[in-house]
Amino acid sequence: MMRFVTIVFAALAWIAQPAVAQIKIEEVVSPSGIKALLVNEPAIPFVAFSFAFRGGTSLDPVDKVGATSFMASMLEEGTGDLDSRGFAEASEALAAKFRFSAGRDGVTVSAQVLNENRDEALDLLRRAITAPSFDPVPMERVRGQYLASIEQDMQSPGYLAGRRLSEMGFKGHPYANPVDGTLETIRAMTRDDLIAAKERVMTKDHVVVSAVGDITAEELGLVIDRMIGDLPDMGAPLPGKVTFGAPGGITIIDIPSPQSTAIWAQDTIGFGDPDFMVAYVMNHILGGGGFGSRLTTEVREKRGLTYGVYSYFAFLANANYLGGSVASANGTIAEALDVIRAEWQRMADEGVTPEELERAQKNLTGAYALRFDGNAEIAGILQSMQIDNFPTNYVNIRNDLVRAVTVEDVKRVAKRMLDTDALRFVVVGQPEGLTATE
């Protein structure tokens, strides 16, 4: 569950020119030794910060799944003498925007604060990070929200398919567990569980910091130590690496529905692999590029089997897989999956044409600048670069890496990566013409 304080925040957007030119990224080390990335832009009268803590919900014990997500949602619900309403009112009075979220690999605290009251706003955020109240009244309200959300998820074909795929692919690893917990674990969650979750995740050795706006490297270093200096030095050990291990085949979850939803996946390479960018471009052509991609052309446009089909990379801190999703009528889902398999195999056998590659490269390089349309967005990109161990100059060389991909590269990597026999399909609905293989 991702929640944030909704506050009217008048801010100037950073127009996308810096993504076309060179973005100057500074590496900062605080007086206590905490590292950060900074883009200093004095023309912007506010600063966006991101404090990300590695580990996230993957650090939940199996009988406490959902504790980290629940904890992150409670960070805005009061601190010290401020209750939930008092915290929201104080944030609004300072024109500060805070956001707290949790995922499989991290808990993220982000903020946008005006320079004129930066110290006051960051002090408020510091109190929320280091000393949240976890009071019983808001805890019961948040618990109710989680229970309602989980009950709704359990009726969602996409959620059911994704959860089963994770259980099969990551058996025995924390990635197999639901991020937001189960009805049983959320009902049983206590204040002590939230405190324990915070102590596991929100520590100095887990933190990744980024900032964008009117702040110098020296100022940022002092801010970092002031903001998180009271957090524990060490958190829980991070989970180990895991390979997506679901075998090829078909899993069917039978629920009454006029259509079936299918997702699929196979193990793949990660960010650190030298073929990563080639694989990224290849997938854009295969199914990641929307209209014009092969899957959309063959499954939707030529055959009318679906309104939407796509493929995607899932890059996690400790695992990677290449997957996809499609929904089709029960009577046509089998044909849709046959076409998807055929396109998977065609890419592995033939690669791409020069025209497809040129179109993909223009699309990927042209669209990249749109990701840099605000300082909060750039702070998030800096955060992701650190989490994923990208080089500091990645944003300035990324488009060159895309343009350097050749037709021969794609053919070689597609043959290396794509394995039709390894695809595990999970289908939710009442599909006709499909037989489960488990």
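**Close-up views of a predicted model**

**View 1. The second largest pocket and its lining.** By class, 15 nonpolar, 5 polar and 4 charged residues line the second largest pocket. Here Ala, Val, Leu, Ile, Met, Phe, Trp, Tyr, Cys and Pro count as nonpolar, Asp, Glu, Lys and Arg as charged, and the others, Gly among them, as polar. This is a predicted model, in which local features need pLDDT of at least 70 and side-chain atom pairs count only at pLDDT 80 or more, while totals for chains, interfaces and linings use all residues. Residues are numbered from 1 along each chain as its sequence is written, and side-chain values use heavy atoms, with hydrogens and water left out. The space in this second largest pocket is about 570 Å³. Of its 24 lining residues, Arg104, Tyr159, Ser166, Pro178 and Val179 are the closest to the pocket's centre. On a 1 Å grid over the protein atoms alone, a pocket is an open set of points with protein on both sides within 12 Å along at least five of seven lines, a cavity is a set where a 1.4 Å probe fits but cannot get out, and lining residues have an atom within 4 Å of a point. Grid points are joined across faces, edges and corners, and a volume is the space filled by probe spheres set on the points.

**View 2. Helix 6 beside the second largest pocket.** Look for strand 5 (97-103), helix 5 (136-153) and helix 6 (157-169), each of which supplies at least two residues of the lining. Helix 6 gives the most, with 5 residues. Helices (H or I, at least four residues) and strands (E, at least two) are DSSP runs, numbered from the N terminus.

**View 3. The largest cavity.** The count comes to 1 cavity of 30 Å³ or more, and the largest cavity has a volume of about 40 Å³. Its lining is made by Thr57, Asp60, Val65, Gly66, Arg104, Pro174, Asn177, Pro178 and Val179. By class, that makes 4 nonpolar, 3 polar and 2 charged residues.

**View 4. Helix 10 meets helix 15.** Helix 10 (residues 276-288) packs with helix 15 (residues 394-403) at an angle of about 60°, and their axes are 10 Å apart. Axes are lines fitted to C-alpha atoms, for helices over the stretch in contact, and angles run from 0 to 180 degrees between N-to-C directions. From helix 10, Phe276, Met277, Tyr280 and Val281 meet Tyr394, Arg398, Leu401 and Val402 of helix 15; contact means heavy atoms within 4.5 Å. By class, this contact has 7 nonpolar, no polar and 1 charged residues.
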